[in-house]
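Please open the model in your viewer and keep the selection panel at hand.

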Amino acid sequence: MISKTTPSPPTIYQAPMEGVIDHHVRSLLCAIGGVDICVTEFVRVTDQRLPRRVFTRLCPELLHGAATADGTPVRLQLLGGNPAAMADNARKAVAVGANAIDLNFGCPAKSVNKSDGGACLLQTPHRLEAIVGAVRRAVPQAIPITAKIRLGYNDRSTYLDNALAAAAGGASELAVHARAKVDGYKPPVYWACIGEIRQRLDIPVIANGDIWTLEAFKRCREVTGCEAFMLGRSLLARPDLGLQIKTYCAGERYCPMRWQQVVGLLWDYYQTTREIYPSKYLGNRIKQWLAYLKLAFPEARVFFEKLKRLRIAEAIEAVFIRELQDRQRELKVMEGL
Ligand SMILES: Cc1cc2nc3c(=O)[nH]c(=O)nc-3n(C[C@H](O)[C@H](O)[C@H](O)COP(=O)(O)O)c2cc1C
């Protein structure tokens, strides 16, 4: 029986990752378990109402109850600086099937910031509030709206202003990547600021940034006091990190995923996406995922070296099959010990 003093189990979000976590990856990650809520890549909003196909291309789950095949809810991410257009497209997204919206105020990309989207809006908290407010008024109250911010743009001095602005605009939840735009992705990460934000806000705050391991999760929870956490690069490096965290919090033992299982996951991804990407890009997505896996699995580095120059399906597949067979043999030997 769980005692009354046991902290409630954390909610784990998959962080949005443009160009990396598409619906195929979401589906594979969610099937492993441990992820409660996913977020799509962004729908870029300028001043037009976008056609239905833009929403369903980035989020085919909209056609299936806005959830992955295993039933994990998916939030649709919008990015833009025009409140009226953001509101109009949020309304459209809901009409197409979205049942939760995520607003991007963190993207550091030059091209995005130059066209008035992402982290540049952190320089003007009143504009951020206007965007959140316009979207809030455009969709039914039952539709949660998450705002995702960094700690600031050129420095970290505006995090409370922006957090308060998002809440004043009516955000249901605030996700905070604990760095300014100027910090890029460089360590350190400033979790203490998330703790401060959490104490000032009445809405749930989702802690994000550098939760690479179970140990990092424990430290982040202690520093921030949050009950919700968002995993991005770390979920690609350790696809079962969410499950590991959940199992730990339930007081149960867990044996983390082994490389043998990870290769199987990559092979599934390769097979499902093989037909979709033009042949000149074949294998690129696998190599991209391996760049994250290398951070947690030494074997991924070796596998990447074998794959990195290959462009032809037969060659890529031969290397994959060899790896799968070798690892299978290794597993049998280990099990026989
Ligand atoms: C390749 C890449 C793409 C990203 N795309 C988005 C995005 O579309 N929207 C967003 O709000 N954040 C985006 N982020 C930021 C992540 O959601 C997350 O805040 C950041 O990576 C820190 O979390 P992590 O240390 O768990 O990766 C992206 C990050 C990376 C590395």
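How many nonpolar, polar and charged residues does the lining of the second largest cavity have? To find out in this predicted model, select Val-20, Val-25, Leu-236, Tyr-269, Arg-285, Gln-288 and Trp-289, the residues that line the second largest cavity. By class, this lining has five nonpolar, one polar and one charged residues. The volume of the second largest cavity is about 50 Å³, and the largest share of its lining, three residues, comes from H12. If you colour domain 1 (11–249) and domain 2 (259–336) separately, you can see that both give residues to the lining of this cavity, so it lies between them.

**The largest cavity**

The structure holds two cavities of 30 Å³ or more, and the next selection shows the largest cavity, which has about 70 Å³ of space. Select Tyr-270, Thr-273, Arg-274, Tyr-277, Tyr-281, Leu-282, Gly-283, Asn-284, Arg-285 and Ile-286, which line the largest cavity. Helix H11 (259–273) and helix H12 (284–293) are the elements that give two or more residues to this lining, with H12 providing the largest share, three residues. Sorted by class, the lining of the largest cavity has five nonpolar, three polar and two charged residues.

**The largest pocket**

Now turn to the largest pocket, whose volume is about 470 Å³. Of the 27 residues that line this pocket, select Pro-16, Met-17, Lys-148, His-177 and Tyr-185, which are the closest to its centre. Then show strand E4 (101–105), strand E5 (145–152), E8 and H9, the elements that give two or more residues to the lining of the largest pocket. By class, the lining of this pocket has 14 nonpolar, eight polar and five charged residues.

Next, select Gln-77, Lys-148, Asn-208, Gly-209, Asp-210, Gly-232 and Arg-233, which the unreviewed UniProt entry annotates as "binding site". The lining of the largest pocket takes in Gln-77, Lys-148, Asn-208, Gly-209, Asp-210, Gly-232 and Arg-233 from this set.

Begin with Gly-209, found in the loop between strand E7 (205–208) and helix H8 (214–224). Is Gly-209 buried or exposed? Gly-209 has a relative accessible area of 4%, so it counts as buried, the cut-off being under 20%. Leaving out residues up to four places away in sequence, Gly-209 touches His-177, Val-189, Trp-191 and Met-230.

Move on to Gly-232, which lies in the loop between strand E8 (228–231) and helix H9 (233–237). Gly-232 is also buried, with a relative accessible area of 9%. When its neighbours within four places in sequence are set aside, Gly-232 is in contact with Ala-15 and Met-17.

**The second largest pocket**

For the last stop, go to the second largest pocket, which has a volume of about 250 Å³. Of the 15 residues that line this pocket, select Asp-22, His-23, Glu-41, Arg-57 and Leu-58, the closest to its centre. The elements to show are helix H1 (23–32), strand E2 (38–44) and helix H2 (52–58), which give two or more residues to the lining of the second largest pocket, and E2 supplies the largest share, four residues. By class, this lining has seven nonpolar, two polar and six charged residues. With the domain colours still on, you can see that the lining of the second largest pocket draws at least three residues from each of domain 1 (11–249) and domain 2 (259–336).

Notes
Residues numbered from 1 in each chain as written. Predicted model: local features only at pLDDT ≥ 70, side-chain atom pairs only at ≥ 80, totals over all residues. Heavy atoms only, no water. UniProt positions renumbered as here; feature names shortened; annotations may be inferred. 1 Å grid on protein atoms, 1.4 Å probe; cavity = no way out; pocket = protein on both sides within 12 Å on 5 of 7 lines; lining within 4 Å. Buried < 20%, exposed > 50% of the residue type's maximum accessible area, 1.4 Å probe, protein only. Contact = heavy atoms within 4.5 Å. Points joined across faces, edges and corners; volume = space filled by probe spheres on them. Nonpolar A, V, L, I, M, F, W, Y, C, P; charged D, E, K, R; others polar. Domains from an automatic or database assignment.
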